[in-house]
Amino acid sequence: MTMRSPVVALLWEQWQLTRVEAAQRVGVSIVAASVALRLGEVGPTVAFGILMVLHSMFWLSISKLTGGRFLDGYKPGFPLQLLYTRPVPTVVFVGVAMAYDAISCVVLYLVSAALVGFAFDQPLPLFSVAGWIVTFHLVCTCLQWASRNRVVQWAGMIVTCLPLYLTLRNRVASPLHVEFSLAENVMLILIGVVSFAVAVAGVARQRHGGASVATPRTAGPVASPEWLVSLFSFSCPTSSATRALVWLELRSSGMPVLAIGLGLAMLIFMLFAIGIAIAPLRPYAVLSAVISVPAMLWLFGGNALGIRHKQGRSYFSSFEATQPYGTAQLTGLRILVRSACMLVALIAVGVSVWASSSLVNEWVPWLMNGKEVSPGVLRARNALVAEILEKPGYQHFARMVVVAIVVALIIASRATFTALRARHPRRVNIGVGSLLFYGLALVLLAQAEQHGIVSTLLFNQIQSATNWIVAAVLILATTYLVWRSLAERLLTPRQVLSVVVMSAAFGAACLTLMGLPSVRPEGFPTAIFLERLLAPALLALMLFVLASWSLNRIRHM
Amino acid sequence: MEKTVVDVNTLSRSFDGMTALDTVSFRATAGQVHGLVGSNGAGKTTLLKHLLGLLRATTGSVRVFGLDPVRDPVGVLSRVGYLSEERELPEWMRVDELMRYTQAFHPTWDVSYERELLKTFALDPTKKVKELSKGMRAQAGLIAAVAHRPELLILDEPSSGLDAVVRRDILDAIVRAVADDGRTVIFSSHLLDEVERMSDHVTLMHQGRVALSGVLDDVRSGYQRSRVHFAQNFDQPPVLDTALAMEGGGRTWSVVHSGSLEQFRHSVVARGGEVVESRDATLEEIFLARAGRSGQQAEAA
Amino acid sequence: MDITINLADGVPIYRQIVNQVKYLVASGLIQPGEELPPIRTLALQLKVTPNTIVKAYGELEVSCVIHKRRGSGTFVSEGRPQQVTLRERRRVIEQRIDGLLAEAHQLNFSTEDILRMVRERKTAMDETVAEPTEREKR
């Protein structure tokens, strides 16, 4: 295979690096949008939102070119220093990279939107948004590449992307269609051209030594900045290995998570307080309150087991793998510490939101825009207060247990997924792909059933069959994992027992929350009882055992 | 009967269809220095990773101190010191924090030895790992590996990419580890003169198989290097009995051969030449003859 | 102790150490009763595995060049050391003679030429040794 020109070679490299992720994006977006479109009236808007979010994420090609998220080298590709030594003018390779990034994302969006719109007979905006997507990508790429200064990058993102987002939002009309005026289109083109020029200038400066270049780095458990980790310096205990490991966990990820949580809590409160005086800030205050918890879980709840990524390779550090400490204990410890820190951070955020929502009362005199969100916050608060006063004490206790264990389960499952994907990337991709495919098939079937193409009976049968299959898989998987873990001495019987007890407690708490069936069974468990107690308990058991199993698999390859 | 510290039996391993190890058997006895040599990709690192449990034995068995490193990682790793090629240390840790952290895992940590080594290497304990140069990282990793006086020290390419000063430090650490009673060292290296000085036993690996293994002096005495003069000119190396590699040209050739000197001499005389000089081959010559590309014929058993 | 190791020599390291210690003792550079460095120190100095030093010291002890005093260390033995066996000495010289003969044959010298040249060289060497003593006498 000969590549006739540097441009073709650059394009080929981009394609090679991004094709898997492109396929994943298309798959996930189609399934998610299909699910959203079944949500009735608000469906199309939600679907559109999902598609835009998935296809506006700029970490597709440019980051792969050098490295990964924010160009710091977590993913494969030629390092930037090598790219800069090629006999190709700066304009060419910057142009090729940015163009590929913008155009490929537009194409992916168009394909997904067209498919979903056609399948569900709900046309989604197509070419009218294409220009916006291109501009957005160009701006983001320029910011990430031209400067390595984090302050510049973040400030630039806020200054440019926020207005862009607002412009889009203002142009979304219902029934769903997007239209930009001629002036706005020209503005978008202008912004695109300017960002291209700035990118070329910035890269040229880097190329000729005027500024530093992003180099491939190792990504560790939590992508927290270095200065944050150094901020909380306390000495390592030498009395026992467990304490030293807790110290390591706290230093490398726990304390940063706590700090960020506290910072976020303070920020939310401040935004609400300032919102009293500055009305336009209010939507953002509410937005930050709403997305804070999911954002914390998304950004800081992953990779609790400490898998490292460097230039496309995912592995477990040999420094940690050769420490004389049991795999199961290490798993439990890491997940525990991360969950504890995450819980504290979430509680801080929750308290802040609670306190901030009381400030909303101060907003009411100034509330002139017809937005329903602000009263919505008040309504939610009042409902919560009523519930607290109404429900008995043990319900609250059960709720706290459930919340704590659910957070731990989220962290455990994300950690397990990262570890398994590092060990068996192909199998995990195939598994996830098949699940998505199955989900899509179910959604399409539901759609067909609604249109009368497929009989309701058949659909119900398929649904119940799915339930049975899921239950069977859950039971079989749990049994197999527990048996193998005991056989390989991965878990001691005592450890298995403690996990079982914890899972049973979780199941009991779930049952308490969801309520016992009205007819008290005389010593004979009904299906609902089983479902509400056993399903969560089994799920928790399986996830915890799977977590240590996955660490074992990647520690001993 | 000497105690066997490491016992590897017919271990095989392949990655994505490529064979890294092919029925490798390896035994390390206590109190000895075992050198592992081989070209890149011969399987040295793969073998050492199996000893630490970083790789799981799919066929064959691996026992360290009589334990399986995968089933009982704590039992094995608490008595092992490991210095790896990658030296994957957390970047944000300071040197003194690294020492304290590693100390927590090994009750046998010797603080005075650690301080002595830090002073000898002139390592600033308050420096972060990311500020250290490659050589200093190797030194820090070495201290972490030897300060708890492990029974078994495993060093994977300890000298690669390091200057002579750091290399000397590492060799010193090996000597001291062995000079203290009963401690075993296994190290792999490209630098054959280092292996020759430092090993009691040497194992040569080639393309995933053990090409030869034994006490270093015995191995060396099994191979000779001779200078041979012939009466006539040869364009191609002449075929000689037991010869493994030939260098030179025309009438003078330098030959590495194994087995009996008499047999070789007969063969030379039969081709009209004579043996001028003969001595035991160095490890480098044996290595190049067995694993190099200028080998004249396939290795004799 | 002034010992150097030459890896390209073809001689095993422990044997080089043995030979050099014997030479040092025989030439009087180490006096009888003097202490030899401990195994660890010598191993660190020469950058060789301690087991090689153990082997070398073992062989020296067998040939009664040195002896171990329990708890105190290793010392050079009193009295004349046992001679290196005749066989070993013959072996070293025979190797040299074989090389010499082969070279001579290549360069077209006969055995008589070689013997004559050996005597000539010996005479010349004796004269150069004698000259300084003559100069000292004057």
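Modeller: Let's go to helix α6 (residues 127-146) of chain A and helix α7 (residues 150-171) of chain A, whose axes come within 10 Å and cross at roughly 175 degrees. Keep in mind that this is a predicted model. An angle over 145 degrees counts as roughly antiparallel, so α6(A) is roughly antiparallel to α7(A).

Now look at who does the touching. From α6(A), the contact is made by A:Trp132, A:Phe136, A:Val139, A:Leu143 and A:Gln144.

Where domain 2 of chain A meets domain 3 of chain A, the contact takes 9 residues from domain 2 and 9 residues from domain 3. On the domain 2 side, helix α13 (residues 327-363) of chain A gives the largest share, 5 residues. That side of domain 2 divides into 7 nonpolar, 2 polar and no charged residues.

Next, the two chains together. Their contact takes 27 residues from chain A and 24 residues from chain B. In chain B, α2 (73-77) and α3 (95-105) each supply at least two residues of the side that touches chain A, and α3(B) has the largest share of that side, with 6 residues. Here charges do turn up: the chain B side splits into 14 nonpolar, 4 polar and 6 charged residues.

One last stop, still in chain B: helix α9 (residues 261-270), where B:Phe264, B:Ser267 and B:Val268 are buried. Those three residues sit on the same side of α9(B) because they cover an arc of only 100 degrees around the axis. What do the buried residues of α9(B) pack against? They pack against the strands β10 (223-234), β11 (243-258) and β12 (273-280) of chain B. After α9(B) comes B:Gly272, which has a positive phi, near 85 degrees.

Notes: Residues numbered from 1 in each chain as written. Chains lettered and ligands numbered in written order. Predicted model: local features only at pLDDT ≥ 70, side-chain atom pairs only at ≥ 80, totals over all residues. Contact = placed C-beta atoms within 7 Å. Helix = DSSP H or I, 4+ residues; strand = E, 2+ residues; numbered from the N terminus. Nonpolar A, V, L, I, M, F, W, Y, C, P; charged D, E, K, R; others polar. Buried ≥ 20, exposed ≤ 12 C-beta atoms within 10 Å, placed from the backbone. Arc of directions from axis to C-beta. Axes fitted to C-alpha atoms, helices over the stretch in contact; angles between N-to-C directions. Parallel < 35°, antiparallel > 145°, perpendicular 65-115°, else oblique.
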